[in-house]
Amino acid sequence: MKVFVTGVAGQLGHDVVKELLSRGIETVGSDILPDCDSKAPYVSLDITDPEAVSRTMADIRPEVLIHCAAWTAVDAAEDEENRQKVSAINAEGTKNLAKAAAQIDAKMVYISTDYVFDGQGTKPWEPDCKDYAPLNVYGMTKLEGEQAVSSLLEKYFIVRIAWVFGQNGNNFVRTMLRAGKTHDTVRVVNDQTGTPTYTPDLARLLADMIGTDRYGYYHATNEGGYISWYDFTVEIYRQAGLETEVIPVSTKEYGLSKAARPFNSRLDKAKLAANGFTPLPDWRDALSRYLKQLQEET
C-alpha cells in the first residue's frame, strides 16, 4: 500500500506519517513548504493549484490519500482579507484532491470538524447527521470540503475531530501551560463542551481505517466523557503540578474571539466500535502521555 499525506508540517499530518512508517507502509508526505522535516519522501504541493494536484497524484499514484492540510486559524478566517484564501484551501483545495483521487481510484480520508454543526443543544452529534449550520467561515469551508469529497468519491472516510493537541505545533495545552507558568490565575470558558483529540491516537485509528472498506462518516475524539475547556485546563494543571487558579467564565464574559464558537462540540463516537474500530483512549491518559513527551523534550 502507498499512502499520500497532505499537511505533514502540522500536528496531525506529522503523526500520521510517523504512524504509517512505524507499520512499514510506503508513505509520501506533502505540504506547501519547499522542504519539511519529514521521515518520509516529501513533495511540496499547493493544493489550491488543480493542475499541480492532478499531476502530483498521477505521478505518485497512491492507493490512499489522507488529507490533513487545512486552514485552521478560526478567528483569522473571519478577516475579510483571508476569506478567499480560507475557501481556496479548505473547500477548493479539498475538491482538487478529491478529483485527483477519483482519477486514480484512490481511497480518501478527509479530516473535518464539529464546526460543521451549529453547536447548539446538549445532544451529541451523530456522524451521519445532516443538520449542518456552520457558525463561522472555518466551519463553512470545512463543510464545503466534506461535500466535495462525498459528491466526487465513493471510497471515502470523512472523520470529524475536535479540540486537537499534538507534538508538532501549537495547541490549547501548550497555551495553558505557558499561561500557568506566568500567571497566578487564568480565565477559561466553562460553557463550551466537547472532548479533546490527541493526534498520535487519531493517527493510529486512521492507519487502521485505510486498510478497510468501511467507508462513510465518523467521529473520532478521545474517550473519557464530555468536558468543558475549564475542566480540561484544571486537569492540565493538576497533571503538570501547577497551582495556577482556574476561573470559570462564560463565553460572553470571556469575549475576545472574532469567530462564533460552538457551545456543543459533543461528538457521538459509537459508530467506530460498531464498525470494528478501536476507540481512542481516555483523554486524561492521552494528556498524561503528551505532558511526559513535552517533559522529555526540555
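**Entry 1: E5 and E6.** I looked up the pairing of strand E5 with strand E6 (residues 156–161) and found 6 bridges in the parallel sense. Two strands count as paired when DSSP finds at least two bridges between them. Strands (E, at least two residues) and helices (H or I, at least four) are DSSP runs numbered from the N terminus. In this pair, Thr 113 stands opposite Ile 161 of E6. From E5 the chain crosses through helix H4 (residues 137–152) to E6, a right-handed β-α-β crossover. I call a crossover right-handed if, with the strands pointing away from the viewer, the path from the first strand over the helix to the second runs clockwise.

**Entry 2: basis.** The model is predicted, so I note that local features need pLDDT of at least 70 and side-chain atom pairs count only at pLDDT 80 or more, whereas totals for chains, interfaces and linings use all residues. Residues are numbered from 1 along each chain as its sequence is written, and side-chain values use heavy atoms, with hydrogens and water left out.

**Entry 3: E4 and E5.** I then took strand E4 (residues 64–67), which runs parallel to E5 and is joined to it by 4 bridges. Val 64 has Lys 107 as its bridge partner in E5. Helix H3 (residues 80–103) carries the chain from E4 to E5, and this β-α-β crossover is right-handed.

**Entry 4: cover of E5.** I checked strand E5 (residues 107–113) for burial, and 7 of its 7 residues are buried. Buried means under 20% relative accessible area, exposed over 50%, and partly exposed in between (1.4 Å probe, protein chains only). Lys 107, Val 109, Ile 111 and Thr 113 point one way, and Met 108, Tyr 110 and Ser 112 point the other. In a regular strand the side chains alternate between the two faces of the sheet.

**Entry 5: Thr 94.** I picked Thr 94 in helix H3. Thr 94 counts as buried because its relative accessibility is 1%. Its side chain makes a polar contact with the side chain of His 67 at 3.1 Å. A polar contact is a pair of N or O atoms within 3.5 Å; within protein, one must be able to donate a hydrogen and the other to accept it, and residues adjacent in sequence count only if both atoms are side-chain atoms. Leaving out residues up to four places away in sequence, Thr 94 touches His 67, Ile 89, Met 108, Tyr 110, Gly 145 and Val 149, where contact means heavy atoms within 4.5 Å.

**Entry 6: whole protein.** I counted 10 helices and 15 strands. Buried residues make up 53% of the 298 residues.
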